[in-house]
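The following exercises ask the reader to work through selected features step by step. Each task is followed by its solution.

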Amino acid sequence: MPITQDDDLRQLLRETRHIAMVGASDRPDRASFGVMRFLLSHGYEVTPVNPQLAGQTIHGQVVAASLEEVSQPIDLVDIFRNTAAAGQVIDEAIAAGAKAVWTQLGVTPHEAIERAETAGLKAVIDRCPAIEIPRLGL
């Protein structure tokens, strides 16, 4: 079952240091742009992942083309892709050895989440860390 309880969300967010943000955008009008800035301002290390922007920077962080190219261990993969595309990202997160996956508001890839949990990853669906962190008092 995906994480839904506040105590479990708090624990995951407290244990998380490095986030790989798949679908990161350099466009200020995109949600991922603001969420990445928010996460960085709250002390998280964030590696943006977007094959179209690979090698460029977003908020001073170099963009990786894929999760496979992220050089440091990944605590959490924050997925800014639609439900149809999120399943492939979750499979890549499993292959990359991530500890957890998080899908944004409206993104509910239930079968892929089951695969992640079977592989031992924690999962959060249909939530935004930029909403949850302040709500949980973190």
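**Exercise 1.** Determine which residues arginine 127 touches, not counting residues up to four places away in sequence.

*Solution.* This is a predicted model, in which local features need pLDDT of at least 70, side-chain atom pairs count only at pLDDT 80 or more, and totals for chains, interfaces and linings use all residues. Residues are numbered from 1 along each chain as its sequence is written, and side-chain values use heavy atoms, with hydrogens and water left out.

Step 1. Locate the residue: arginine 127 lies in the loop between β7 and α5.

Step 2. List its contacts (heavy atoms within 4.5 Å): Ile3, Thr4, Leu9, Trp102, Thr103, Gln104, Leu105, Glu132 and Arg135.

Step 3. Examine threonine 4: its backbone oxygen lies 3.3 Å from a polar atom of the arginine 127 side chain.

Step 4. Classify the burial: the relative accessibility of arginine 127 is 19%, so this residue counts as buried (under 20% relative accessible area; exposed is over 50%, partly exposed in between, with a 1.4 Å probe and protein chains only).

How values were computed: Helix = DSSP H or I, 4+ residues; strand = E, 2+ residues; numbered from the N terminus. Polar contact = N/O pair within 3.5 Å; in protein donor to acceptor, adjacent residues only side chain to side chain.
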